[in-house]
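This briefing sets out the main features of one protein chain, from its overall make-up to individual residues. The sequence and the structure are shown first.

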Amino acid sequence: MIRSLKIIVVLFVSAYILSACGNSSFKEEIKLTKKSAEAAFKEKSEKPNQKLKEAEFYLPFGYEIKEKSANNIILKNGSKTYILFFNPKEDLKSDIVYKATQNQHKKIDVDEIFKSSKKLGYLIVEKLDDDMSEVTVGVGGAKLTTETKTGSMANETKAMMQIVNSVKIIKR
C-alpha cells in the first residue's frame, strides 16, 4: 500500500515538472520571438517563388495561397491561416502600415521596430488568452498576421518575417 502511494506521488510530481517544462512562459517566448523576428529581418531576403499580378514573394515549404484579392492574400500552412497584406504605394522604409496596425489593436503586448538603412520592420503581438496570441510582422508596406500558440511564436515569426521581407511590389 505504501509502495503504491509512493509510486503515485512520484508520477504526479513527475507529471507536474514535465508540464512546467513543456509550457514556456509568455515572457520567455516573447524574448525568443523578438530575437527570431530581428534575425530574420536582418537576413538577406529570400528569392521570391510566388508571382502574382500585384507582387511577388517567397513562401516557405508547406505554405500555400488559398485566396487572393488586390492587396490581401490568404495563406495556409496546415491548419493555420495567415493574412498577407501589402500597400503598393508604400516603400520598404514606410511606417504607414505599421502605424495603422498599431491603431487596430486595443492592447499591444509587444511593439518592436527593426531598422536598417534600406527598410523598417516591426513585430506586434497581442496576447489573446493563456496559450494564444495574435502576431503581426511587417516590412514597409507589407504585413503578415496570424493567431498562434504562445510556444510556437518564435518559429512562426521567423517564417513570417522571411515572407514579408521578400515581398516585392510589381509596379505597372
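Which residues does Tyr-63 touch, not counting residues up to four places away in sequence? In this predicted model, Tyr-63 touches Lys-76, Asn-77, Tyr-82, Glu-156, Ala-159 and Ile-163.

**Overall make-up**

- The secondary structure of the protein chain comes to 4 helices and 10 strands.
- Read from the N terminus, the order of the elements is α-α-β-β-β-β-β-α-β-β-β-β-α-β.
- The protein chain has 172 residues, of which 37% count as buried.
- Among the contacts in the protein chain with a separation of 6 or more, 50% are between residues 24 or more positions apart.
- The accessible surface of the protein chain is about 10600 Å², and carbon and sulfur atoms account for 55% of that surface.

**Helix 4**

- Helix 4 covers residues 153-166, and its 14 residues should span 20 Å at 1.5 Å a residue; the end C-alpha atoms are 20 Å apart, which agrees with that expectation.
- Helix 4 is largely enclosed by the rest of the structure, because 12 of its 14 residues are buried.
- Gln-162 belongs to helix 4, and its relative accessible area of 15% falls under the 20% limit, so Gln-162 is buried.
- Apart from neighbours within four places in sequence, Gln-162 is in contact with Ala-40, Glu-43, Glu-46, Tyr-58 and Pro-60.

- Tyr-63 is placed in strand 3, which comprises residues 63-68.
- With 12% relative accessibility, Tyr-63 counts as buried.
- Lys-76, one of the residues that Tyr-63 touches, is 13 residues away along the chain, and the C-alpha atoms of Tyr-63 and Lys-76 are separated by 5.6 Å.
- Gly-78 lies in the loop between strand 4 (72-77) and strand 5 (80-86).
- Gly-78 counts as exposed at 62% relative accessibility, whereas Tyr-63 counts as buried.
- From Gly-78 to Tyr-63 the C-alpha distance is 7.7 Å, for a sequence separation of 15 residues.

**Asn-49 in its loop**

- Asn-49 is part of the loop between helix 2 (26-42) and strand 1 (50-51).

**Thr-101 in helix 3**

- Thr-101 is found in helix 3, which runs over residues 96-104.
- A relative accessibility of 1% means that Thr-101 counts as buried.
- Beyond four places in sequence, Thr-101 touches Tyr-122, Ile-124, Thr-136 and Lys-143.

**Pocket and cavity**

- The largest pocket has a volume of about 320 Å³.
- The largest pocket is lined by 19 residues, and Leu-92, Val-139, Asn-165, Val-167 and Lys-168 are the closest to its centre.
- By class, 7 nonpolar, 5 polar and 7 charged residues make up the lining of the largest pocket.
- The structure holds 1 cavity of 30 Å³ or more, and the volume of the largest cavity is about 30 Å³.
- Ala-40, Glu-43, Lys-44, Ser-45, Glu-46, Gln-162 and Asn-165 line the largest cavity.
- The lining of the largest cavity divides into 1 nonpolar, 3 polar and 3 charged residues.
- Asn-165 lines the largest cavity and is named among the residues closest to the centre of the largest pocket.

Definitions and conventions:
Residues numbered from 1 in each chain as written. Predicted model: local features only at pLDDT ≥ 70, side-chain atom pairs only at ≥ 80, totals over all residues. Heavy atoms only, no water. Helix = DSSP H or I, 4+ residues; strand = E, 2+ residues; numbered from the N terminus. Expected span 1.5 Å × (residues − 1). Buried < 20%, exposed > 50% of the residue type's maximum accessible area, 1.4 Å probe, protein only. Contact = heavy atoms within 4.5 Å. 1 Å grid on protein atoms, 1.4 Å probe; cavity = no way out; pocket = protein on both sides within 12 Å on 5 of 7 lines; lining within 4 Å. Points joined across faces, edges and corners; volume = space filled by probe spheres on them. Nonpolar A, V, L, I, M, F, W, Y, C, P; charged D, E, K, R; others polar. Areas by Shrake-Rupley, 256 points an atom, 1.4 Å probe, with all protein chains shown as cover.
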